[in-house]
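Here are some notes from a pass over this model, jotted down point by point. Have a look at the structure first, then read on.

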Amino acid sequence: MGRGEGEGAMSVEKLAFYPGCPSEATALEQDMSAKAVFAKLGVELVEVEDWNCCGAAEAEDPRLVYALNARNLAIAEREGLDIVTPCSICFYNLARANNALKRDEKLRAEIKGIDPSLEYNGTVTPKHLLDVLVNDIGMDAIRSKLAKKVELKVAPYYGCYLGRPPETAFDDPDDPVLMDQLIELIGGENVPFSAMKTKCCGGPLMMTRGDLAFEMARKILQTAKDAGADCLALACPLCGMMLDAKQPDIEKELKVKIDMPVVYITQLLGLALGIDAKKLGFDKNIVSTKRILEKVV
């Protein structure tokens, strides 16, 4: 489905869209901004019909993860589309299930034996939204549609799932740069933040060791604040829940004042594309985004 070479050319026009469970609950602003941005860039997202949970970080049995993700991959395969997700954990589970099923015929047969609807032939490529934006749509195509500069100081935070394990990573696992490049493209300034880019936000520990999770998140937020960031940008709804939704609880529990706006990279990109802030869900973020909108809108 290529559009040819040259400035503004894209290698993608239509994708199966796997939103993941947080899209309808804790990450409404990511879902809204992702759909608005892709529509503006001319890429059609076809939501996977009757999609199911990927197993997130809670499903410990790999075969359960493979079965859950085989169903979503199989639905996309029947549509003849590669599949994109805005969630880092969903991407991790889709990618590792895809790799396991493609290389193991016996596993494919076993999964199909559970239910014929799980038959998957390995023709789909799972992608994360950030990968599609930079590597498939491309910087030239995005640049050609920019409407304004987003002149903010931004701490780019990738979290620990986008680059782990390295065989599913689409960016440097130790020092990722794709979000940095997008921020620079839209007129932003990346503050010094390399030491925290891929640190765990503490989200997976929230239910069992909340004290550790809060301290891990505080360090990330405090580093962004000390670096002079106007906001922290991310691409994972679990990180969003921990760093944005839990920020008031962290402040109260640890008796600190952070007040760091946390936004999805698609929200910032949407502003640069001239999309209305309400359509990007800026009123859904927990920590107020008012002062960063005042600098841009």
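1. How many of the 15 residues of α5 are buried? Keep in mind that this is a predicted model. The count comes to 12, so α5 is mostly covered, taking buried as under 20% relative accessible area. The buried set runs L129, L130, D131, V132, L133 and V134, then D136, I137, G138 and M139, and finally A141 and I142. Note that two aspartates, D131 and D136, are among them.

2. What does the covering? For the buried residues of α5, the cover includes the strands β1 (14-17), β3 (83-85) and β4 (126-128). Helices contribute too: α1 (28-41), α6 (178-185) and α10 (265-272) are included in the cover.

3. The geometry of α5 deserves a look on your screen. This helix takes in residues 129-143, and its end C-alpha atoms span only 17 Å, whereas a straight helix of 15 residues would span 21 Å at 1.5 Å a residue. There is also a bend of about 85 degrees in α5, located at I137. I137 itself is one of the buried residues of the helix.

4. On to the voids. Searching the whole structure for cavities of 30 Å³ or more turns up one. The volume of the largest cavity is about 30 Å³. Its lining is made up of C160, Y161, C200, C201, P204, C236, L238 and C239. If you sort that lining by type, you get eight nonpolar residues, with no polar and no charged ones.

5. Next, A100, which sits in helix α3 (residues 88-103). Is A100 buried or exposed? Its relative accessible area is 4%, and because buried means under 20%, A100 counts as buried. Beyond its neighbours within four places in sequence, A100 is in contact with Y66 and L107. Another pairing to check is A100 with P62: the two are 38 residues apart along the chain, and their C-alpha atoms are separated by 9.8 Å.

6. Last, K225, found in helix α7 (residues 210-226). With a relative accessible area of 33%, K225 is partly exposed, since that value falls between the 20% and 50% cut-offs. Which residues does K225 touch, leaving aside its neighbours within four places in sequence? The contacts are K257, I258 and M260.

Definitions and conventions
Residues are numbered from 1 along each chain as its sequence is written. This is a predicted model: local features need pLDDT of at least 70, side-chain atom pairs count only at pLDDT 80 or more; totals for chains, interfaces and linings use all residues. Side-chain values use heavy atoms; hydrogens and water are left out. On a 1 Å grid over the protein atoms alone, a cavity is a set of points where a 1.4 Å probe fits but cannot get out, and a pocket is an open set with protein on both sides within 12 Å along at least five of seven lines; lining residues have an atom within 4 Å of a point. Grid points are joined across faces, edges and corners, and a volume is the space filled by probe spheres set on the points. Ala, Val, Leu, Ile, Met, Phe, Trp, Tyr, Cys and Pro count as nonpolar, Asp, Glu, Lys and Arg as charged, and the others, Gly among them, as polar. Helices (H or I, at least four residues) and strands (E, at least two) are DSSP runs, numbered from the N terminus. The expected span of a helix is 1.5 Å times one less than its number of residues. The bend at a residue is the angle between axes fitted to the seven residues ending there and the seven starting there. Buried means under 20% relative accessible area, exposed over 50%, partly exposed in between (1.4 Å probe, protein chains only). Contact means heavy atoms within 4.5 Å.
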